[in-house]
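Morning, everyone. Please bring up the structure, and I'll walk you through it.

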Amino acid sequence: MMSAITSQHDHHVEELESLKVTGFWIFLVTDCLIFGTLFATYAVLVNHIANGPSGKEIFELSGVTWETFILLTSSFTSGLAMLAMHKGNKKQIINWLIVTILLGMSFVGLEVREFAQMVDEGATISTSAFLTAFFTLVGTHGLHVSLGILWMIGLIIQLFQRGLNVKTKRKLTVIGLYWHFLDVVWIFIFTIVYLMGVM
Amino acid sequence: MWEKIKDFSSGFFVTGEPMIYGADVAIVLVSLAIVYVLTRYKKWGWLWREWLTTVDHKKIGIMYIIAALLMLFRGGVDALLMRTQLALPNQHFLDSNHYNEIFTTHGTIMILFMAMPLMFGLFNIAVPLQIGARDVAYPFLNAVSFWMFFFGALLFNLSFVIGGSPNAGWLSYPPLSEIPYSSGPGQNFYVWGINISGIGSTATGINFLVTILKMRAPGMKLMKMPLFTWSVLASCILIIFTFPVFTATLAMLYIDRFLGGHFFTMTGAGNPMMYINLIWMWGHPEVYIVVLPAFGIFSEVVATFSKKKIFGYKSMVFSLILISVISYFTWAHHFFTMGAGADVNTFFAIATMAIAIPTGVKIFNWLFTMYKGRIEFSQPMLWTIGFIVCFVIGGATGVMLSIAPADYQYHNSYFLIAHFHNTLIGGVVFAYLAGLIYWWPKMFGFKLNDRLGKWAFWFWNIGFYVCFLPQYALGFMGMTRRLYTYGWDRGWAPLNFVSTIGAFLMGIGFIFQAVQIIYSIKHGEKDTTGDPWNGRTLEWSIPSPAPHYNFAVVPYAPEQDAWWEMKKKMQDPDYKKEKVELEPIHMPKNTGIPFIMSFFWFIAGFGFTFEWVWMIVVGLIGVAATMFARSFQYDDDYYIPVEEIKETESAMGRVV
């Protein structure tokens, strides 16, 4: 009798957890639209440089290429964490998550350095419409990455406390989705903002 | 020191208007009275356990509705103040700035803090019950949505007595809403009040979309769903695809104001028209977000009170979806005069006209449902018939406005004002009031008084035409919107005076409704059957008010109008009730986190409004901490034992 109840409970919880993954996909749609709005605004304002510099003058492709390389690698390592989850290897998941966090932190660090350099050169958010759009778009992505890092740290603690179960598995799936999504957004930023900016 | 405090408070509090001081006194007195009553009757614990921490969709729905009715009152008072000012030429009842503030708060409150929460209230009350679900997909998130709305609305309304209200119109167009022209905290209140509640709206959109797609009773195919649920589905898709745009756009406006950005400024090569495009990409679908559920309510009401299956179910569904798709492609009709060129204007003009077609299909379907039906002129039905006439006029003038070259004449005139009130009052408000009366017994277990309700209806309905028909004419006579006064020489005085009378008639209608609710709480007819209207859909199959688990046994609903079909089967003499085994019901636990988290958002929002960085930091840390706390909460569900279900059911007169 008891085992029947627990198995039914697991069934209820599993159902609810799978609903949450569905909901997260839809949340990503809304987040995608936020980025879409920022991209559209950037596209409209990209040549509105007023008396400030243009993208060509301030973008440094070498730093950005490193950022891209690091973020893509972190996407790969977060994927490895998912593979470890399917194998049920908690230690491996945590290790890959830590690698992902470190890569994410270096990405954010490089971005902050890039922004600081620009501000040093006098290219601030209030210089021109182009720069306002640039800092907002790229900064919003950076903010997302930073939140993802905090979130992953929380998840690692929960993995230590609770181990792998239906709930922690769902949470890992969701953050995996989030992290890959940020990667996709970055590819667009790299192409539309940086590559097209220096061309 | 004293000087410093005086200096601060003269900028912080709104001063100088006797009406504001009156309001200050009223706010303090009402707050004290609430605190006194709660303490005197020892209700604090009850308030916290039963309401502030609830995740029950029915209670959340009730809280939405209470908040929305309060906001209807406030927005209505704003409207009456405006109409009093305009009743006669050259009045000094309100000065120009005060008038600007009032038309801004009237519009913002009526759409975002009245229509939206009233709609969400009805979503919460009706949708899970209609589809045979025990709750929404994410009950916790549902509570977050409500409290985000609540604290957003609170922040926005504070601007009335603290810091000064926004005064750049309900959509806060730049460059007027930028720092050089609106330097006070008013526009910041606007941005943060709306954005905090807007996050909640987006979450509700996701929540109900998943609820409808994933939590329907067994057997209920999509094409067998009640039409209200279909309309909520269409509305949720629109919310998901437009609210993020709104959130991002207002955030950009705030970046301009707070960080000195140049998105929409006149300097630094900013582009104000970008804002106007973006805001209407949300703003136009927004009117369909609120009107599609209105169509859904009418579909339920018409079928119930004509005792007929709805005419043309499939075309009803198809037209709902078509409207929601086309509504994305009409936004530029709000500014044909921008100068986008003939080709762009033509595209948006044709898209706008095209929307009238599926809308017309719906009107005919309602009429054909009534045709040869046994119509019962109950209150919801009266509102429905009132709506059809009103909305057809609003729709026709809408098509007039959609003709781009002609729009150069009507643009921002009183013709426009009359048009959108025709659709928003005649469509949305009439519908939500109909829905409120229709589902009232399900919420509270008693009906609203009929006599008082019919008085209210006639005052509203007649008052509406008296108020707004003259405004069409005033538009043709050259009166533009947002004028705070005018001279005798214009010849607008008689029509304006009539219009003001109409506004007060609607105000009397509202008073009748308030009296109706208070009267019915004591003397309302009890709903003992759970099915007071001889309804057709599943919400009427359970007792009123619904038990907190909704359905003791999840129903099997393979047919359209599932409850109607069940009732038919039950009348069959050979009908035998199937014996069903009750099972423990899995339910989410109450939690205080949504309330506390939204409260921290409120703190952060207040900090953003006054640009006090320490307060922003405190608020955002609080938000993050409460989110973390939630993430670490694993014990968030429980089971209702079979015994308890049996007791509850038999207390409501149901045999299980």
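Let's start in a loop. Pro175(B) sits between H6 and H7 of chain B. Keep in mind that this is a predicted model. Pro174(B) and Pro175(B) are joined by a cis peptide bond, with omega at about 0°. There is another cis bond elsewhere in the chain. That one links Ser544(B) to Pro545(B), and omega there is about -15°. Pro545(B) also belongs to a loop, the one between helix H16 (493-523) and helix H17 (562-571) of chain B. For background, most peptide bonds are trans, and most residues other than glycine have a negative phi.

Now go back to the loop between H6 and helix H7 (186-214) of chain B, and find Ser172(B). Its phi is near 55°, a positive value in a residue that is not glycine. Is Ser172(B) buried or exposed? Ser172(B) is buried, and its relative accessible area is 0%. Which residues does Ser172(B) touch, leaving out those up to four places away in sequence? The answer is Ser177(B), Gln187(B), Tyr190(B), Leu253(B) and Tyr275(B). With Gln187(B) there is a polar contact, side chain to side chain, at 2.6 Å.

Here is another positive phi. Glu611(B) is not a glycine, yet its phi is about 55°. Glu611(B) lies in the loop between H18 and H19 of chain B. How exposed is Glu611(B)? Its relative accessible area is 33%, so Glu611(B) counts as partly exposed, since that class runs between the buried limit of 20% and the exposed limit of 50%.

Check the length. Which residues of H19(B) are buried? They are Met615(B), Ile616(B), Gly619(B), Gly622(B), Val623(B), Thr626(B) and Arg630(B). Look down the axis of H19(B): these buried residues fall within an arc of 130°, so they line one face of the helix.

Now turn to the face of H19(B) directed away from the buried side. There you find the exposed residues Val613(B), Trp614(B) and Ile621(B).

Let's zoom out to the whole chain. How many helices and strands does chain B have? Chain B has 20 helices and two strands. Its C-alpha trace spans about 80 × 60 × 45 Å along the principal axes. A compact globule of 656 residues would have a radius of gyration near 26 Å; chain B has 25 Å, which agrees. Of those 656 residues, 59% count as buried. Next, the contacts in chain B with a separation of 6 or more: 83% of them are between residues 24 or more positions apart. Last, the surface. The accessible area of chain B is about 26,300 Å², and 70% of that belongs to carbon and sulfur atoms.

Key. Residues numbered from 1 in each chain as written. Chains lettered and ligands numbered in written order. Heavy atoms only, no water. Buried < 20%, exposed > 50% of the residue type's maximum accessible area, 1.4 Å probe, protein only. Helix = DSSP H or I, 4+ residues; strand = E, 2+ residues; numbered from the N terminus. Arc of directions from axis to C-beta. Polar contact = N/O pair within 3.5 Å; in protein donor to acceptor, adjacent residues only side chain to side chain. Contact = heavy atoms within 4.5 Å. Rg over C-alpha atoms; globule rule 2.2 N^0.38 Å. Areas by Shrake-Rupley, 256 points an atom, 1.4 Å probe, with all protein chains shown as cover.
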